[in-house]
Amino acid sequence: MSATEAPAAIRPLGARDLAGVARIDAAYTGRAKRAHWKKVFDDVLGRRRRGELRVGLAAERGGRLCGYLLGEVRAFEFGSEPCGWVLAVGVEGKELRRGTASLLLAEACRRFRDAGIERVRTMVRRNDVDVTAFFRSNGFAGGSFVQLEVDLGEVS
């Protein structure tokens, strides 16, 4: 972003953003997953139960969606205290290193903090250096839990 260019505008994510989120994700993952994103939108932006906090944010530049962040508060995983989770964040390629994802993350963290949440978590693929670097540059570090998994195709 140049010194004279305004940052992207951050606003609530809405149903009209579904195609844009799917487009941004497909550019990053190489796979079109519109049905997946439709389900995510239904879950995150849909009907909420009392006390639930879900965060859906859009970054917009020139009237066009250029980034998104989805998150929620969870308190059920393995006895952990209620904490914010960043479930997904993405920006268009031309928005990379312009501060757009950091603006989205800062707004999500503000909303979590305003709701009394003291910690935010996410998961990142071990080999995704760029995404890991993004979160680390925004204050994230290894947490108190270790994610473990097993490939069920390899278990006898």
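Strands here are DSSP runs of E with at least two residues, helices are runs of H or I with at least four, and both are numbered from the N terminus. Two strands count as paired if DSSP finds at least two bridges between them. One of the residues to look for is tyrosine 68, whose bridge partner in S4 is glycine 90.

Before I go on, this is a predicted model, so local features need pLDDT of at least 70 and side-chain atom pairs count only at pLDDT 80 or more, while totals for chains, interfaces and linings use all residues. Residues are numbered from 1 along each chain as its sequence is written, and side-chain values use heavy atoms, with hydrogens and water left out.

Now the other neighbour of S3. Strand S2, residues 54-61, pairs with S3 in the antiparallel sense, over eight bridges. Here glycine 56 has leucine 70 in S3 as its bridge partner. The hairpin of S2 and S3 has two residues between the strands, and glycine 62 takes a positive phi near 60° there.

How covered is S3, residues 64-74? Mostly: eight of its 11 residues are buried, where buried means under 20% relative accessible area, exposed means over 50%, and partly exposed is in between, with a 1.4 Å probe and protein chains only.

Let's zoom out. The five strands make an open sheet with mixed pairing, in the order S1-S2-S3-S4-S5. Strand S1 (9-12) and strand S5 (120-121) are at the edges with a single partner strand each, so one side of each has no neighbour in the sheet. S1 pairs with S2 in the antiparallel sense over four bridges, and proline 12 stands opposite leucine 57 in S2.

Helix H2, residues 34-45, packs on that sheet and touches S2, S3 and S4; contact means heavy atoms within 4.5 Å. The direction of H2 makes about 55° with that of S3. For those angles, axes are lines fitted to C-alpha atoms, for helices over the stretch in contact, and the angles run from 0 to 180 degrees between N-to-C directions.

Which residues of H2 are buried? They are Trp37, Val40, Phe41 and Val44. They cover an arc of only 100° around the axis, which puts them on the same side of H2; the arc is that of the directions from the helix axis to the C-beta atoms. On the other side of H2, you'll find Ala35 and Lys39 exposed. The buried residues of H2 pack against helix H1 (18-29), S2, S3 and S4.

Last topic: aromatic rings. Rings of Phe, Tyr and Trp (its six-membered ring) pair if their centres lie within 6.5 Å; planes under 30 degrees apart count as stacked, over 60 as edge-to-face and the rest as tilted. The structure holds three aromatic pairs. In one of them, tryptophan 37 and tyrosine 68 sit edge-to-face, 5.5 Å centre to centre with 70° between the planes. That pair links distant parts of the chain, since tryptophan 37 is in helix H2 and tyrosine 68 is in strand S3, 31 residues apart. Tryptophan 37 and tyrosine 68 are both buried.
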